[in-house]
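Please look over the sequence and the model below before reading on.

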Amino acid sequence: MNLTLIRTQQGKESTLSELYLDGEFVCYGLEDAVRENKIKGSTAIPSGKYRLGLNTYGAMNARYRKRFPELHRGMIEILDIPNFSYVYIHIGNNIGDTSGCVLVGNKMAFLDGDYEIYQSKKAYIALYEKLLEMMVKGEVFIEVT
């Protein structure tokens, strides 16, 4: 089973995507702008295929463990991205929340030249449960196009 993140729209500083699980639409994704030259914390990850893992340390992990004590088993991390580290799939609404990560949400909007997503917590919980179940069974990958 694999995730596919298909980038569909580019804002001034944001990138809107659609996230599919085995070909079925799951939710929207939001990243920073796609750039030729990386700006730390403000650049979308390069297109490619990456393995997902669970990161069980750090401040963000502690916050999510406290926020979702029955659900959380670690941050979903996109691994082995050249020149990137600690790239997670997580909750947020606009590029101010990304820091180079992928945000998820069930609704989207275009405001003042950039994209935002909404119902992020709901989308995250649904996706997290599916990914956690898949990761227990074996390796899971995300393809970013």
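A salt bridge is here a side-chain nitrogen of Lys or Arg within 4 Å of a carboxyl oxygen of Asp or Glu. The model is predicted, so local features need pLDDT of at least 70 and side-chain atom pairs count only at pLDDT 80 or more, while totals for chains, interfaces and linings use all residues. Residues are numbered from 1 along each chain as its sequence is written, and side-chain values use heavy atoms, with hydrogens and water left out.

**Salt bridges**

Side chains of opposite charge can pair when their charged atoms come close.

| Pair | N to O distance |
|---|---|
| Arg35 and Glu13 | 2.7 Å |
| Arg51 and Glu139 | 3.9 Å |
| Lys137 and Glu133 | 3.6 Å |

In the pair of Arg51 and Glu139, Arg51 lies in strand β4 and Glu139 in the loop between α2 (120-137) and β10 (141-144), so the contact ties together parts that are 88 residues apart in sequence. Helices (H or I, at least four residues) and strands (E, at least two) are DSSP runs, numbered from the N terminus. Arg51 is partly exposed at 30% relative accessibility, whereas Glu139 is exposed at 57%. For these terms, buried means under 20% relative accessible area, exposed over 50%, and partly exposed in between (1.4 Å probe, protein chains only).

The salt bridge of Arg35 with Glu13 links two loops: Arg35 sits between β3 (24-32) and β4 (48-55), and Glu13 between β1 (2-10) and β2 (14-21), so parts 22 residues apart in sequence are tied together. Arg35 is partly exposed, at 26%, and Glu13 is also partly exposed, at 34%.

Lys137 and Glu133 both belong to helix α2, where they are four residues apart, about one turn of the helix. Lys137 is exposed, with a relative accessible area of 68%; Glu133 is partly exposed, at 49%.

**Helix α2**

Helix α2 has 18 residues and spans 26 Å from its first C-alpha to its last, close to the 26 Å expected at 1.5 Å a residue. The expected span is 1.5 Å times one less than the number of residues. Which residues of α2 are buried? They are Ser120, Ala123, Tyr124, Leu127, Tyr128, Leu131, Leu132, Met134 and Met135. Seen down the axis of α2, these buried residues fall within an arc of 165°, so they line one face of the helix. The arc is taken from the directions from the helix axis to the C-beta atoms. Lys122, Val136 and Lys137 are exposed on the other side of α2.

**Positive phi angles**

Asp80 is not a glycine, yet its phi is positive, at about 60°. Asp80 lies in the loop between β5 (75-78) and β6 and is exposed, at 63% relative accessibility. Asp112, also not a glycine, has a positive phi of about 50°. Asp112 is found in the loop between β8 (107-111) and β9 (114-118) and is exposed, with a relative accessible area of 72%.

**Largest pocket**

On a 1 Å grid over the protein atoms alone, a pocket is an open set of points where a 1.4 Å probe fits, with protein on both sides within 12 Å along at least five of seven lines; lining residues have an atom within 4 Å of a point. Grid points are joined across faces, edges and corners, and a volume is the space filled by probe spheres set on the points. The largest pocket holds about 330 Å³ of space. It is lined by 23 residues, of which Ser85, Tyr86, Val87, Ser99 and Cys101 are the closest to its centre. The elements giving two or more residues to this lining are α1 (59-67) and β6 (87-90).
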